[in-house]
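I'm jotting things down as I look them up.

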Amino acid sequence: NGFSTFTNPSLHAMGLKAAEPGPYKLKVPPTVPHLPKQPTSSGHRDQGSAMIRVEFAEGVSSYFQQLVLRCFDDFFTYSSGQIVNKNKKRNVTQMDLSNGNDVRRFFMKRFINPHFKDTVFAWRSFGKLCSQAYLEWQNAEFLFQNGIRTYCPVCFGEKIFMGVERASFFVTEEIKGMCLHHLVSKNWHSFGKYEREQIMTSLGNFVKRIHDAGISMPDLYIWH
């Protein structure tokens, strides 16, 4: 199976402990919980007979309801965030939200009439047609089940017409801490031989865990 889900390889995720008093000591984020087996969900058909569904991870539905983000259109037409990546078929929006307490940062990936090749890939992965958002939701759960840390999924939604995806979205919450790409680009030249070997060995072990789970990741770049 191929996975497009980012694994966010931080030092902690790779099992690497920062040396003291090294310049790259990180605050380790808490363990990300598994997706619930029965997430909060809602579904209906619109006037064009498209099937619309939105599912939330356990405990987050009420948070988004307070921010008037309840149904598919609330999310898909959301325009207050900052677009950080965009092409004709999808875009990624950074959402800094607050219900009166601390600001929480989320990222929403929106898919619009996905490429035929992506639809075929989803069918090959699950044996049925499914949306790109549902594919990423399931990929994240599979990674968690195999002890591989990834971003924290909070909800997804999809609009399906005659079994074919028309649009979907997938929302994740930011993981606190420095990612491997930033760590290496900022500090690599200041590391000694031992620190560099420690990072490379831990990265190799981390990728081995991914391969041992039967996962092929053709786009496993350092910023993924």
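I looked up Phe169 to begin with: its relative accessibility is 0%, so I put Phe169 down as buried (under 20% relative accessible area; exposed is over 50%, partly exposed in between, with a 1.4 Å probe and protein chains only).

A note on the source: this is a predicted model, where local features need pLDDT of at least 70, side-chain atom pairs count only at pLDDT 80 or more, and totals for chains, interfaces and linings use all residues. Residues are numbered from 1 along each chain as its sequence is written, and side-chain values use heavy atoms, without hydrogens and water.

Next I counted ring pairs. My rule pairs rings of Phe, Tyr and Trp (its six-membered ring) with centres within 6.5 Å; planes under 30 degrees apart are stacked, over 60 edge-to-face, the rest tilted. That gave me 13 aromatic pairs. Phe72 and Phe76 make a stacked one, with 5.3 Å between centres and 15° between planes. Phe72 also pairs with Phe169, tilted, at 5.5 Å centre to centre and 50° between the planes. I checked Phe72 too: at 3% relative accessibility, it counts as buried.

Then I looked for a cluster: ring pairs join Phe56, Tyr63, Phe64, Phe72, Phe75, Phe76, Phe106 and Phe169 into one.

Last entry: I found the charged end of Arg104 over the ring of Tyr63, 4.4 Å from its centre (the test is NZ of Lys or CZ of Arg within 6 Å of the ring centre and within 35 degrees of the ring normal).
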